[in-house]
Amino acid sequence: MNKKLTKQGFNMKLLTLFISYLILFTSQAFAHTDHALGEGSIHTFYHSVFWTIFAIVVYKAYTWFKHKKSNKH
């Protein structure tokens, strides 16, 4: 039971850290102006690609850790 509570606490800390970074980076992305790309469709496309790649990396990391954890048992 104690091991389960420790694991749950770790997961909550990890989730809180992830949400904090997500809020930080998202607000920074919306707050800037990009002089090289401008404010048009290229800038929007760049951010769409960036956040898509970010989501893929987060998903792959989650599945990798989940798979690694399941192999330990």
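Q: Rings of Phe, Tyr and Trp (its six-membered ring) pair if their centres lie within 6.5 Å, with planes under 30 degrees apart counted as stacked, over 60 as edge-to-face and the rest as tilted; which residues do ring pairs link into a cluster?
A: The model is predicted, so local features need pLDDT of at least 70 and side-chain atom pairs pLDDT 80 or more, while totals for chains, interfaces and linings use all residues. Residues are numbered from 1 along each chain as its sequence is written, and side-chain values use heavy atoms, without hydrogens and water. The cluster held together by ring pairs consists of Phe50, Trp51 and Phe54.

Q: What is the angle between the planes of Phe50 and Trp51?
A: The structure holds three aromatic pairs. One of them joins Phe50 and Trp51, with 5.0 Å from centre to centre. This pair is edge-to-face, the angle between its planes being 80°.

Q: What is the centre to centre value for Trp51 and Phe54?
A: Trp51 also forms an aromatic pair with Phe54, and this pair is edge-to-face. The planes of Trp51 and Phe54 stand at 80°. From centre to centre, the value is 5.1 Å.

Q: In which helix do Trp51 and Phe54 lie?
A: The chain has two helices and zero strands, where helices (H or I, at least four residues) and strands (E, at least two) are DSSP runs numbered from the N terminus. Trp51 and Phe54 are three residues apart, about one turn of the helix. Both belong to the element spanning residues 41–72, helix H2.

Q: Why does Phe54 count as partly exposed?
A: Buried means under 20% relative accessible area, exposed over 50%, and partly exposed in between (1.4 Å probe, protein chains only). Phe50 is partly exposed because its relative accessibility is 41%, and Trp51 is partly exposed at 24%. Phe54 is placed in this class because its relative accessibility is 28%.

Q: What relative accessibility does Ile19 have?
A: Ile19 lies in helix H1, which covers residues 2–31. Ile19 counts as partly exposed because its relative accessibility is 40%.

Q: What share of the chain do buried residues make up?
A: The chain has 73 residues. Of these, the buried share is 4%.
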